[in-house]
Amino acid sequence: MASISAPELARELLDCCLRGAAWRTASLETLTGMALSQQPEDAREASRALFGILVERLGDLFEPRLCGIYAELFSQAIALARPEFDARDLLARYRRIRERRELPGNIRRVYVLSRVTLGADVAVTSVILDAVKRRFPEAEIHFVGSQKGWELFAADRRILHTPAPYARGGTLAERLAAGLELRERLAADDRIVVDPDSRLTQLGLLPVCEEDRYFFFESRSFGGDGGGPLPVLAGRWAAETFGI
């Protein structure tokens, strides 16, 4: 196993996921261990394989059946990288947050997470921001993401900025840290977090606030196999979730 490269391991795991076959735990553990290497260049190379070949491919296909597969696989990777988490607990939480829930009262602040890429923030995040602005006219609305992403919305005085840089070329440890650093800022009893399938939470797997104040739009599965343009799906989800 030690002689197998990170890209080869990533392709092996991807093939298992696409076929619906069980992957070798040892392959995932080895690839994750490479991505956590103390040697910066080795960690970056393995992380590029983990995300570029495996994780992003599973997400980019927008196949509902792959959502659960990704969640099971990457919850294991998170637990390997961050021992404070248990993979089974992360997976159970993911299944709960996919269900619809009632809005809590006393909402004074709404955090909408960036999709990280500018194109997705235009197509999806902008729709969600528009919905929460109208649904919560008295609340503060925060775009959570990079400075560059916030500049898309900076002309709107109602949209404030909560900085949350995310290195798309970063190591596994760096990418997980970007999401986990948000927990202290986002968790409170007068706010909600809206997650439009953000890389900041690794597509809903990283807990950044209390579950009852977390609203997750799983764009890869919403609407089933029928599909539809992302802005339309985001609008439908906002209508069902916020009545807007």
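Where is the place of I159? The place of I159 is in strand β3. This is a predicted model, in which local features need pLDDT of at least 70, side-chain atom pairs count only at pLDDT 80 or more, and totals for chains, interfaces and linings use all residues. Residues are numbered from 1 along each chain as its sequence is written, and side-chain values use heavy atoms, without hydrogens and water.

View A. Strands (E, at least two residues) and helices (H or I, at least four) are DSSP runs, numbered from the N terminus. I159 is buried, with a relative accessible area of 5%. Buried means under 20% relative accessible area, exposed over 50%, and partly exposed in between (1.4 Å probe, protein chains only). Leaving aside neighbours within four places in sequence, I159 is in contact with L129, K133, I141, F143, W150 and F153. Contact means heavy atoms within 4.5 Å. The C-alpha atoms of I159 and E140 are separated by 7.5 Å, and these residues are 19 apart along the chain.

**View B. The aromatic pair F143 and F153.** A search of the whole structure finds nine aromatic pairs. Rings of Phe, Tyr and Trp (its six-membered ring) pair if their centres lie within 6.5 Å; planes under 30 degrees apart count as stacked, over 60 as edge-to-face and the rest as tilted. The ring centres of F143 and F153 are 5.4 Å apart and the planes are at 50 degrees, so the pair is tilted. F143 lies in strand β2 (residues 140–145), and F153 in the loop between α7 (147–150) and β3 (159–163), so the pair ties together parts ten residues apart in sequence. Both F143 and F153 are buried.

**View C. Packing of helices α1 and α3.** Helix α1 (residues 6–19) and helix α3 (residues 40–60) pack at about 15 degrees, with axes 8 Å apart. Axes are lines fitted to C-alpha atoms, for helices over the stretch in contact, and angles run from 0 to 180 degrees between N-to-C directions. α1 and α3 are therefore roughly parallel to each other. The contact includes L13, L14 and C17 of α1 and A49, I53 and L54 of α3.

**View D. Packing of helices α6 and α10.** Helix α6 (residues 118–135) and helix α10 (residues 230–242) pack at an angle of about 25 degrees, with axes 8 Å apart. Among the contact residues are V124 and I128 of α6 and W237 and F242 of α10. W237 and F242 also belong to one aromatic cluster with F136, F215, F217 and F222.

Definitions and conventions:
Parallel < 35°, antiparallel > 145°, perpendicular 65-115°, else oblique.
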